[in-house]
Amino acid sequence: MDRINEIWPKWHTEEPIGQGAYGRVFKVRREELGEVFYSAVKVIRIPQDEGEIREMISDGMTSQSIQSYYQSIVKGLMNEIRVLDTLKSAGNVVNIEEFEVREREDGIGWEVFIRMELLENLDLYRRNHPMGPREAAKLGADISSALDYCEKSRIIHRDIKPSNLFVDGYGNFKLGDFGIARQMEKPQSTLSRKGTEMYMAPEVCLGESGSSYNVDIYSLGLVMYRLLNRNRMPFEPLPSEKEALLPRDKESALLRRIQKEPFPAPADADDELGRIILKACEPDRTRRYQHAGEMRRDLENWFRKQGAETGFREEEESWKVFPQETAEADTAGTSEPSGAQNRDFQEEKTVSVFTERQEQPKQAEPQTTAAEAEQASGPDMTPGFQFRSRTEPGEGEKNGTGESRKKKPWWALGIAALLVVALVIFFVNRTRVPSEEEAREILQETGLDEELFTELPLTGTQEEIGNWLTEAGYEYEDSDMGISFTAGDWQGSIHSGYLDLTWNSQEAGEADRATYNALIGYFENGDFYEMYTSEETEDQYNCGDDTNNFSVTYGRPAGSLSVSRQEIPEMDTASIDIQPQVIAECPVSSLEEACQWLDENGYSYTETGTPGVEIPAFAEEVIDISFYDDFTSTFFYIQASNTEEVYETCVEQMEEYLGVSGEQSDRDNGGGWRLDMDGRIISIDYTASYKAVSIDFAQ
C-alpha cells in the first residue's frame, strides 16, 4: 500500500532516495493539467522497531509509560517542525510544505510524514560537480544567510555538515535537518558521534559552551575549508603528500583541532577567501565571526572584488552544469571515472554563453588569387568561434562559403530593432524599483494592506491579534501554531512575534517580479532605514526601522514570494531580572543536579523534551538549559529595540551579584562582556542591527 498516497491522494510514491536511523525519504510525484511536480517525503516511525518496545518492557516499563515516553518524542519532533515553519520565509532554508502525524493502529507508536522540497544532498552533489572557490563561497554566503535567519529566530542548528546541506537545480544552497534526525537518534545508544565531531567547534567538544551562535559559523567554515582543501580537513596531509589517509592521520588532525591549534590556510583559496574561512573556523570563539551576517557581508565583498578584477568575464559568472545534466553525461559515457581523490575538487567548469562553431564537411575549395589568399590569412582567432569581418562585401562578392552574400531588407532590420526596444522596456519595467506611491498601488492590487506592516500588533496575545484582524476585515483561524489568515493573493501567519506573508501561488499563479520590486520600493522609499542588506543575490532584501525587522524573499524556481515582519518592542529596563544566581551557580553537568539545585533554591522551572529545563526570568523570557549526549547548551535571549540599554542593565546585574567586573569588547554592530569565573564562562553579547542580547554560561 502507498501510505503517502493514502495521506495525500494527489501525491504518488516513485522511489526511496534516502534512509537513516530516523526513517526513510521518498521521491513523490504529482500531475496537474499535464504538468508534473516532484517533492520529497520523510517518513519517521516512532519507535523504529518492535525491539525497542520489548527492551523497555523487559526493563519493567508499562505500556502506558512507554506510550507516554514516545509521545514526548513526538512532541519534540513537532517542535522541530515548528522551527522550520518559523523559518519558511528564509530563502536558504529547506522548506516544509505540509506534515501529518498518525498514531499507529497496530501497536504502540506513531508515524510522522513530512513533505518538503526535493533537493540534492551536498555529499551527492559534489561527487558529480566539482566545486571551485566561487561555488564554495556561494555556499558560504547562502548558508550564512540561513544562519542569519536562525539567529533572528533564536535558533542554533548545532549540526552543520555536508549531509545537512542541500542544493537546488539553480545552484542555490540550503540548510536542512534542524534536529529531526538527532531527536530520533537519541534512543539509539550505539550511534557514533564521529560524523558530528568532524565539524564540531572545539568549545563544544570540550564541554565549554554549546550555546553561542558562532558554533554554527565554525562548522560552516570547516565545510568550506574542506571543499577548498582537496577534500582534506585541517592538519590532514594533502593528496599530493599522502594519497590515502589512515585512521591515525584523522585522529591526530582532530586532536590538534580540538586543542585549538591555528589552522594552515586552505590549499585552493586565495588570500582573501582563505582569511574569511579561517576567521569563520577560528579556534578561539571570541576571535571568530560573532554573527553570520558579518561572514555573509565579507563573502559578498569578496564576490564584488572578484567581479571587478575579472571584468565579469563569462567564465567568472558561475554558469553551472545542473546536477541532472552531469548525471546524463555520466550515463552517456562522456565523463571521466570518479575514482581519483582530487576529481571532486578541481576548478569548476563553465558553460559558454556563445555557441561553438560545428565542423562542416570539407568541400572542394574554390580557386583563389594570391591577393585573396593573403587577405584570408589573418591573426589566429579563438578556436571554436568564427571570426567575421565587419567590412561589407560589394555586390556579387563571395562570403566564406562561396555563396553570394545578400543584403538584409531594411524592414527586417526595423522589426528587429523594435523587438529589442520592446524587450528592453519590458525588462526595465519588471526590474526597476518603483516610487513609494507606485509601490503602494501595486501592493494594494495584490491585496497587501499597508496596515499589516505598520499597525498589526505582533507582540500581544493571540486574542488581541485576532481582534485587530477582525476589525480590519480579515477572517482568521486560531491554532497552537499561531494565527493564519488570507489577504488577497497572500497567505498570512502570525507566530512568536513574526508575521509571514507568502504569495498564494495555488490561486494567484507565479508571483510577478514587479511585485517583489514594489515591496523593495515600499521599504526603500517609505519611513524605513536600512540596518543590513543582503546583496548575495537579487532575490532577497532585508531592512528595518526602530521597532521592526523586515525580510523580502523571491524564490526563482517556483516564482514564489514572501515577506516577513518581526515586531521588537522597547524593553523597560527596570523590569529586567536575568536571575544572576541561576546564571552563576546552577549546575550544568546533568539534568538531575540542575533540577535538585533549582528545587533547593526555590526556582520554578519546566522540564523540556530535549531533555532540559526552562526557567522563567521576566515577562515571557526564559533561561534555557539543554542536556545533550555530548555537550550542554545554556541560553538566555532578550530582544528589544533599546538593545544597548538592555545589555548595560544585564551586565550591571551580573557584575553587582558577582562583585567583580568582566572583560568588555567592541566589534562592528555590537559588543560583548565575558568573565571566566574559576572555569565557568559567562558571556553577555549584543547585536545592534538584530536588536538582541544573548547570555551564555557553561562550566
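Patches are made of residues with over 30% relative accessible area and no salt bridge, with like charges joined within 9 Å and nonpolar side chains (Val, Leu, Ile, Met, Phe, Trp, Tyr) within 5 Å. This is a predicted model, in which local features need pLDDT of at least 70, side-chain atom pairs count only at pLDDT 80 or more, and totals for chains, interfaces and linings use all residues. Residues are numbered from 1 along each chain as its sequence is written, and side-chain values use heavy atoms, leaving out hydrogens and water.

**View 1. A patch of negative charge on the surface.** Here Glu570 and Asp572 gather with Glu644, Glu645, Glu648, Glu652 and Glu656. Asp and Glu count as negative, with the charge placed at CG of Asp or CD of Glu. Look for Glu645 in helix H23, residues 643-658 (a helix is a DSSP run of H or I, at least four residues). Glu645 counts as partly exposed because its relative accessibility is 43% (buried is under 20%, exposed over 50%, partly exposed in between, with a 1.4 Å probe and protein chains only).

**View 2. A nonpolar surface patch.** Ile17, Val36, Tyr38 and Leu118 together make about 320 Å² of it (area by the Shrake-Rupley method, 1.4 Å probe). Val36 belongs to strand E3, residues 35-46 (a strand is a DSSP run of E, at least two residues). With 38% relative accessibility, Val36 is partly exposed.

**View 3. The chain behind the close-ups.** The protein chain holds 23 helices and 23 strands. Of its 699 residues, 47% are buried.

Key. A salt bridge is a side-chain nitrogen of Lys or Arg within 4 Å of a carboxyl oxygen of Asp or Glu.
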